[in-house]
Amino acid sequence: MIQLDAKIPKGPLADKWTRYKSSVDLVAPNNKRKLEIIVVGTGLAGASAAASLAELGYKVKAFTFHDSPRRAHSIAAQGGINAAKNYQNDGDSVYRLFYDTVKGGDYRSRESNVHRLAEVSVNIIDQCVAQGVPFAREYGGTLANRSFGGVQVSRTFYARGQTGQQLLIGAYQALSRQVSLGNVEMYNRHEMLDVVKVDGKARGIIARNLVSGKLERFAAHCVVLGTGGYGNVYYLSTNAMNCNVSAAWRAVKRGALMANPCFCQIHPTCIPVSGTYQSKLTLMSESLRNDGRVWVPKKMEDVESIRQGKKKPTDIAEQDRDYYLERKYPAFGNLVPRDVASRAAKEVCDEGRGVNKTGLAVYLDFKDAIMRYGKAEAHANGMDYNDSVLVRKLGTKVVEAKYGNLFEIYEKITGDNPYVTPMRIYPAIHYTMGGLWVDYNLETTIPGLFAIGEANFSDHGANRLGASALMQGLADGYFVLPYTIGHFLSKDIRTPSFSTDLEEFRTAEDEVRNRLSSLLNIKGDRSVESFHRELGLLLWDYCGMSRNAEGLKKGRQLLKNLKEEYYKNVFVPGEMEEFNPELEKAARVADFFELGELMMVDALHRNESCGGHFREEYQTEEGEALRDDENYAYVSAWEWRDEEEPIEHKEPLVFENVELKTRSYK
Amino acid sequence: MKLKLKIWRQKNSDTKGGFHNYTVEATPEMSFLEMLDVLNQQLIEDKEEPVAFEHDCREGICGTCSMVINGQPHGPMALTTTCQLHMRHYKDGDTIVIEPFRANAFPVIKDLVVDRESFDRIIQAGGFVSVSTGQAPDGNSILIEQDVAREAFDAASCIGCGACVAACPNASAMLFTSAKATHLGYLPQGKVEQAKRVRRMVAQMDKEGFGNCSNTYACEAECPKGISVEYIAKMNRDYFSAMVGSED
Ligand SMILES: Cc1cc2nc3c(=O)[nH]c(=O)nc-3n(C[C@H](O)[C@H](O)[C@H](O)COP(=O)(O)OP(=O)(O)OC[C@H]3O[C@@H](n4cnc5c(N)ncnc54)[C@H](O)[C@@H]3O)c2cc1C
Ligand code: SF4
Ligand code: FES
């Protein structure tokens with residue numbers, strides 16, 4: 001049994017990080033120059049880490065499978081980034097952000113990490129502003145905020161609907177500066193395919209040069225993974241097409257532990273599936289729920305007429321609409337957290353009230369917001385606020401200024417104009433709270449192997465609040481890892497660079513080569529993609545928005561059968577030593593099979609409902625999630641053992657500062 | 001709908017490429033890339049090599065997708081990337097010609113995939129603010145007028161796709177480079193090093209083999225993010241004032 005030590009510093013919660021920083025072993029500047037760090041992944045987490053570590057003087061090698069760091073999936077984040085600045089004077093504080101995050105995560109995260117996150121959140125905004133991130137501003141020139149789901153303060157900073165893009169470009173530019181200074185060696189189009197351990201510590205990686213297809217070895221004193229989340233195990237998700245779990249999973253195969261893999265976030269507002277060829281789902285930012293009202297018709301006959309095209313949503317009278325979130329959760333209304341909103345949408349669709357052909361869609365309606373804003377504008381400009389045509393026109397302008405680009409995305413995809421007809425939305429896989437188990441230092445159970453950003457499990461418990469992933473990625477990269485890595489590296493100041501000629505590197509490279517060539521040699525009849533789609537559907541059906549023991553057992557068996565077929569019947573065209581996207585996909589899908597199985601194991605063992613994990617057997621009479629704090633207030637960190645049953649290691653969660661309550665948004 | 005596709009196939013940068021013909025069955029709801037997915041599935045089932053093309057976010061923000069469709073980078077729709085293009089804009093029997101972005105500074109890697117690292121090197125030359133982690137003052141200590149923030153944002157919304165280069169008869173990278181220079185130069189945080197930035201970025205652009213700007217403005221017309229050619233004029237002004245009397 002691996003003993004999990006979270007290495008949480010002693011002392012009162014609010015002092016832990018300060019004390020830690022003043023006592024952690026430092027590495028002197030002259031020694032930093034001798035220490036090499038590999039950073040895999042250059043999204044928000046990886047790029048900010050690589051840049052900050054290089055600024056400190058470490059020698060950094062950074063890797064991405066993308067053609068440029070600027071393409072990482074972080075680029076797609078829309079809504080915003082949280083920080084406890086309290087610029088709005090609405091009662092926000094570090095403690096409140098901490099509390100909201102722990103509560104929002106349904107009490108399944110580590111207090112100390114979350115508090116640290118809330119503390120450094122304020123520095124992130126400053127850093128990004130200094131880099132030139134064009135955040136939205138008020139008339140007076142100060143930074144603007146908006147609210148996101150699950151909280152009652154306005155602490156979200158944003159750059160139109162492209163916050164992730166602007167933050168990533170900021171981090172990318174900081175990284176580019178270090179590349180130009182010679183402090184970072186950048187390896188684009190290089191995919192890490194294994195971690196190399198020397199004497200039990202992570203000392204390098206094997207990567208495939210995706211242009212030449214050749215395998216290459218890289219050594220360093222330690223390795224950092226900022227390789228993102230694994231939502232694409234479901235095939236259809238809001239993630240970019242190439243997101244995958246392989247870097248993290250290869251670490252698991254080398255002894256790292258996978259924590260809470262079944263905690264996946266399903267985002268309530270995405271454009272619904274329209275056909276079997278569909279390749280991805282598009283998110284409509286949560287910020288839309290600030291102003292959009294979610295509803296379905298009350299009467300089945302209206303639902304039928306809508307599906308048959310006999311009625312339009314705008315034909316349904318006000319009293320015949322069920323604004324079910326406002327009805328069920330009067331305190332938070334349309335701004336309940338994501339897990340709650342998603343399940344409520346599923347519920348009304350399960351009742352048969354879904355509003356498109358497939359029955360899997362609800363409305364998100366801006367009519368009232370348009371009229372409300374329009375009235376206010378008319379008032380402010382001394383115009384006739386009883387003229388509804390004028391009011392609608394003015395209101396449309398306001399809504400356009402706030403969400404224009406999202407409305408445009410929606411119209412491009414669906415061909416519908418959301419200013420005049422409500423959007424149709426449905427929940428989709430979006431984010432993974434689970435990830436590599438890390439301690440307070442962000443170090444996995446493999447010494448010298450760190451995990452940051454979405455790739456680790458650390459801060460969001462069983463459900464992530466909106467605008468908190470960008471915050472976490474940048475907190476880890478800019479402000480946490482640069483300190484905590486010193487804890488490991490300070491012991492290595494006399495360790496010379498490692499040679500990639502070591503036996504360990506040679507063996508790892510051979511193993512990777514064998515793995516890839518065996519996939520190429522199957523030469524079966526089915527495409528990688530066809531398997532991936534089937535795997536995704538299977539997980540969605542048995543380990544998706546709601547789960548039960550029987551389904552999970554059945555699902556696991558079906559998954560095993562499919563995996564067996566994969567290794568007999570997949571067809572991977574082309575060769576190893578060339579640019580070969582199909583081979584890349586084939587290796588990633590192979591890892592998704594194993595991860596998918598572990599997700600089902602995890603979901604089956606967790607006999608409670610919490611956050612994104614809803615087990616049908618454990619719900620209140622009103623259908624709300626029923627947590628079991630007595631038996632499940634812990635992190636499940638799984639040791640994967642290929643053909644044998646995985647072993648669970650538990651990190652008990654100790655709550656000294658917040659009281660565990662039933663999460664209520666009523 | 002049934003479509004005829006003429007697609008550029010090229011094994012790698014050392015070999016010569018050429019057009020190949022295919023037919024594919026599509027539906028109006030599909031995106032353009034999903035239509036290519038369907039073609040690739042077909043090819044794989046026939047044990048042929050699928051067409052290599054680049055894509056990732058499929059929602060118009062990462063800048064990865066890059067192809068010229070019937071002579072236009074990112075296809076016929078204004079302000080739309082290839083991944084946002086939907087097949088409802090085509091009709092049964094149409095022929096579609098698909099090629100990679102073409103420019104000396106964007107060598108072909110395979111089929112429709114090109115190497116755009118030259119863009120990274122332009123940014124590395126100066127497309128940043130020289131501020132290290134931890135050095136920043138409080139965010140609200142730098143007040144920025146709404147209009148300035150808006151202008152900076154407009155320039156910053158470039159996705160680095162390279163369509164401007166592909167559209168330009170001289171394969172110039174002026175639109176891309178000037179968007180970055182404008183984004184940073186507008187803001188008080190970025191103004192400080194603007195002269196040096198512009199000088200270095202322009203020098204790098206030339207070194208990469210991008211052509212000169214001859215004011216044809218094809219770039220603006222094809223840019224999926226509506227980046228304005230005014231930035232080019234602005235950068236030129238910054239460039240000339242930077243060249244007067246300074247060196248580095
Ligand atoms: C559509 C969408 C909208 C979102 N909106 C918001 C929002 O408004 N607010 C918010 O807080 N969060 C949001 N999120 C979540 C947030 O964007 C992500 O959680 C976050 O950006 C992840 O950052 P990251 O750096 O951990 O990983 P990523 O950005 O995914 O980066 C991963 C990096 O790792 C590299 N990589 C992966 N594997 C390998 C390998 N084997 N070898 C080499 N390189 C590898 C990739 O190339 C990439 O550079 C959103 C997510 C989605 C999908
Ligand atoms: S300026 Fe426009 S076309 Fe050029 S790289 Fe940027 S977004 Fe693409
Ligand atoms: S795939 Fe991201 S912009 Fe087209």
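## Two crossing helices in chain A

Let's start with helix α11 (residues 367–380) and helix α12 (residues 388–414) of chain A, whose axes come within 7 Å and cross at roughly 105 degrees. That makes α11(A) roughly perpendicular to α12(A). Angles of 65 to 115 degrees count as roughly perpendicular, under 35 as roughly parallel, over 145 as roughly antiparallel and the rest as oblique. Axes here are lines fitted to C-alpha atoms, for helices over the stretch in contact, and angles run from 0 to 180 degrees between N-to-C directions. Helices (H or I, at least four residues) and strands (E, at least two) are DSSP runs, numbered from the N terminus.

Which residues make the contact? On the α11(A) side they include A:Ile370, A:Met371 and A:Tyr373, and on the α12(A) side they include A:Val391, A:Arg392 and A:Leu394. Contact means heavy atoms within 4.5 Å. The residues of this contact divide into eight nonpolar, four polar and four charged. Ala, Val, Leu, Ile, Met, Phe, Trp, Tyr, Cys and Pro count as nonpolar, Asp, Glu, Lys and Arg as charged, and the others, Gly among them, as polar.

## About the model

This is a predicted model, in which local features need pLDDT of at least 70 and side-chain atom pairs count only at pLDDT 80 or more, while totals for chains, interfaces and linings use all residues. Residues are numbered from 1 along each chain as its sequence is written, chains are lettered from A and ligands numbered from 1 in the order in which they are written, and side-chain values use heavy atoms, with hydrogens and water left out.

## Sheets in chain A

Three strands of chain A form an open sheet in the order β6-β7-β8, with antiparallel pairing. β6 (190–198) and β8 (215–219) of chain A stand at the edges with a single partner strand each, so one side of each is left without a neighbour in the sheet. From one strand to the next, the twist averages 25 degrees. Two strands pair if DSSP finds at least two bridges between them; β6(A) and β7 (residues 201–209) of chain A pair over eight bridges. A:Val196, for instance, has A:Gly204 in β7(A) as its bridge partner.

Another open sheet has four strands in the order β16-β10-β18-β19 (chain A), again antiparallel. Its edge strands, β16 (435–436) and β19 (647–652) of chain A, each pair on one side only. Six bridges join β18 (residues 634–639) of chain A to β19(A), and A:Val635 has A:Glu651 as its bridge partner in β19(A). Helix α17 (residues 581–605) of chain A lies across β10 (258–259), β18 and β19 of chain A, running at about 145 degrees to β18(A).

## A strand with two partners in chain B

In chain B, β1 (residues 2–9) pairs with β2 (residues 18–25) in the antiparallel sense over eight bridges. β1(B) also pairs with β5 (residues 95–99) of chain B, in the parallel sense over four bridges. Look at B:Leu5: its bridge partner in β2(B) is B:Tyr22, and its bridge partner in β5(B) is B:Ile96.

## Around ligand 2

How many residues surround ligand 2? There are 13, and the closest are B:Cys158, B:Cys161, B:Gly162, B:Cys164 and B:Cys223. (A residue is near a molecule or strand if one of its heavy atoms lies within 4 Å of it.) α4 (163–167) and α5 (174–186) of chain B are the elements that give two or more residues to this shell. The shell divides into eleven nonpolar, two polar and no charged residues.

α5(B) also packs against helix α9 (residues 230–243) of chain B, at an angle of about 70 degrees and with the axes 8 Å apart. The two helices are therefore roughly perpendicular to each other.
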